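Please look through the structure below.

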Amino acid sequence: MTTRRYLLGALILLLPTLLLVTAINFVIIRLAPGNPAILLAGPDATVAQVQAIQTQLGLDRPVLVQLAIYYRTLLSGDLGYSFSFRQPVAAILLPRLLNTALLGGTALVISVLVGSALGIAAACKPEGVFDRLGVAGSVVLYSTPSFLLGVVLILTFSVTFRLLPTEGMFTLGRGWADPGSLGDVLRHMVLPVATLSIPSIALFARMIRSSMIEVIGQDYITLARSKGLGERSVILRHALRNALLGSVTLIGLAVANLLIGSTVVETVFSWPGMGRLMYESVGLRDYNLLLGGFIVFSLAQLMASFVTDVLYTRLDPRVRY
Amino acid sequence: MTSPPLTRRQLGLLVGGAAVSSTIGVASAAARDSDTIVIATPFSARTLFPLVDQSGPTKAMAVNIFDKLVSFDIDYNVIPALAERWAYSDGRKTLTFHLRRGVTWHDGQPFTAADVKWFFDTIVMKREGAAKTAFAKIGAQPVETPDDHTAVFKAAMPGWDMTLFITLPFVGTIMPRHILEGVSEADLKSHAMNTRPIGTGPWKVDSYAPGETLTMRANDSYFRGRPKLDRMILRTIVQPQAAQLAYEAGEVDGLHEWYSNLGLASQLEHIKALPKTEVIGYSYYNLIRLMFNFRPEAVAKHSWLADINVRRAFAHAINKPALVGRAFRGAPVMPANGLFAETTTWAYNPNTRRYPYDPKLAASLFDAAGLKPDAAGIRLRLPLPYTNGEVPDVVIQVLTQMLRPVGIQLEPQPMEASAYASTYWLSPTGYKDVPLTVYSLTPGPTPMGLATIYESDYTPDKGGRNAVFYANPALDKLLEAAAVEADEKKQLQHYMDAQAVLMEDLPAIPLYLSYLAQVWNRDFGHDPLVSRPVHHINGFFQVWRNS
């Protein structure tokens, strides 16, 4: 009962948290020097023209008034209007959010599955050749910057072997409506997903490995073995379930990492997602679009934490809030 | 560039990747038919409609869709476009354009003088901006249209100049009256012209994903003749390295403005060595300058700004060939010796005052001006804001090293482009007292643009781009005389003289001309017009596949 109440409370807190995060983001964006009106007006604009655009966009009002206006729009379920696209923010974000989710979600699933498998394999024979190589390799892969990794992958698979496309989501001129679009998108996904997931795989593998080693050393595992259970059953049934608990937290963190990583990876691979959109919007000072993006990112992160909490109570009966 | 040896895991991925791609089929480039060209562009335009966005990216896309009354050839001579000929009369107070017959908009409606009249009367001369200022300056009157194919521009003063119709913001994209007449400013932002513009240009928009891909199809009834290819795709790849890789993998056929000053010469050599690759590099009229600030706030704080000998001392302390050589590592970037770009050969004055590299002379000039070195050997510590979008960091680093021996300690402040634009240049609340900056602010390819940057009447508050409030009565007189001169030869002489006055007085020190490179797959041929800076003015019209 109390657990349910806790989760409900967490859910209710989402909205105020989101509003607070929005206020912080709002202030930070405005603190950055730069002015969207100047960029919209173009290099040949006059001061009068810039001021006219500022008035039109409401940027000449005090920041707190602008924030109040923004909240009003937000609470009526609207993310406002993008200066640079001249379209409602929600209409711009949605398709790109789906593209980012496709990339990030796939990378997350692959990271968890492959990372866990590698971690378990390493933990089965700690200090073995595979384990030692894995530990060293994971440090290297985890700390490789994604733009470098992305470029190395492109050079290898696209430029040298010509197996996979270097950029984009579809072959040019194609879209979801064309036949064979799923295969086309999958081919375009391979390299960005690999770039996103390789560091996460390394992270998961290390995490699972260390918690597995810890769990395997415990008495109940010795008991399970002495009962005569097979090694496979001991590892997968008894050890893994407990070892997974720690990595559930990690999945929550991984969502944040993937969202941040998407900015770089989407830029390197020209993937039409949120990350690249945000990156380009910073240069244009498209305040509403940036805030909308931050809200979506924050919401995703908050939801990930919430889901982690729920998963905990499901995976571990001992967890009570 | 060599790929590093593969790690064991990468090798595994290689095998895995190969398996995946063989199951879903390697079809790269198969979807492209032979009559399509794909060009990678660094420009991420969020609208195609120049009336709502006059920034570079939108302009770079729109030149393929719209036309001007007149245009430039490769040497910036004026050539016909929508107007097949033109004539001055009444001592250059009247300019008559004879419009080409049989031109249609992309939706089939005829293009007539009524479009021109509406566009200039209600858009160009009414909207706040440099165009309105320029037209108002000569007392432009509403356009007269004696018939469907004649547009007569009259003004109170002589001063009609073709440059007005080519380089002024959005003047070069004649808009359709039948679509836009009566649309309010507010409605323009959401108008269909943003994504499916109707122009008269060589290419019609097929589909447009803002900031991603612009797919265009040949305009069958284009007045200069149908483009030789069926489709042209402009694909936005913002990162130069990503664009290069897409080219190397054969996914794009050309790179548009790929080098743009920021890459390294070694990268240029690498791409030149690729098979079937043509690299066209060129310096163009974008003049990078060390600019002095003459705003009263700046001069009050740094009185030496007003001292011509100090400005000259700076010039003598800079070794331009060494600056360019060290900063660009052998790429063919041109040092600049005048405040007007020498790439426009017919208007450049080569006989202006030169400032040879002479640090000793520089030091003695500084000494004479009373700027003595302190114990650390430093005469002046000066903040130097710049934007690394326009000027590579390495240029500023080399410049800083160069000025240090004569006792000038620059404190570089790199800024992102939008921060720079609003804090330093146009903003009424900007840093008005910063003594120096390095920036371009190009007068454009013709000398008529000199006024908007150097004439005292063109400060930003009055609608010009003289952001440093430079004022020189002798120069003003020359530029004003040139603006209303009826005789073209005399006009050009005024501009030549103006360049000499500028280099005497040195409101800015010319450093070098921006350098751009295009990369083309040799399967495609192209007119020289699309391979020079004038492509900004003419677009990618003449491109074909070599058989």
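**Rings, cores and a pocket**

B:Trp520 and B:Phe540 are both buried, where buried means under 20% relative accessible area, exposed over 50% and partly exposed in between, with a 1.4 Å probe and protein chains only. The model is predicted, so local features need pLDDT of at least 70 and side-chain atom pairs pLDDT 80 or more, while totals for chains, interfaces and linings use all residues. Residues are numbered from 1 along each chain as its sequence is written, chains are lettered from A and ligands numbered from 1 in the order in which they are written, and side-chain values use heavy atoms, without hydrogens and water.

Over all chains, the whole structure holds 27 aromatic pairs. Rings of Phe, Tyr and Trp (its six-membered ring) pair if their centres lie within 6.5 Å; planes under 30 degrees apart count as stacked, over 60 as edge-to-face and the rest as tilted. One pair, B:Phe135 with B:Phe165, is edge-to-face, at 5.9 Å centre to centre and 90° between the planes. B:Phe135 lies in helix H4 of chain B and B:Phe165 in the loop between strand E7 and helix H5 of that chain, 30 residues apart. Helices (H or I, at least four residues) and strands (E, at least two) are DSSP runs, numbered from the N terminus. Both B:Phe135 and B:Phe165 are buried, and they belong to one aromatic cluster that includes B:Phe153 and B:Trp160.

B:Phe540 also touches B:Asn64, contact meaning heavy atoms within 4.5 Å. B:Asn64 sits in the loop between helix H2 and strand E2 of chain B. Why does B:Asn64 count as buried? Because its relative accessibility is 0%.

The largest nonpolar core has 88 residues, and B:Leu290 and B:Phe314 have the most contacts inside it. Such a core is a set of buried Ala, Val, Leu, Ile, Met, Phe, Trp, Tyr and Cys residues joined through side-chain atoms within 4.5 Å. Strand E16 of chain B gives this core its largest share, seven residues. A second, separate core of 83 residues includes B:Met125 and B:Phe153.

The second largest pocket is lined by 26 residues, with A:Phe170, A:Pro272, B:Ala209, B:Glu212 and B:Thr213 nearest its centre. A pocket is an open set of points on a 1 Å grid over the protein atoms alone where a 1.4 Å probe fits, with protein on both sides within 12 Å along at least five of seven lines; lining residues have an atom within 4 Å of a point. H5(A) gives the most to this lining, with five residues.

Terms used. Lists of a residue's contacts leave out its neighbours within four places in sequence.
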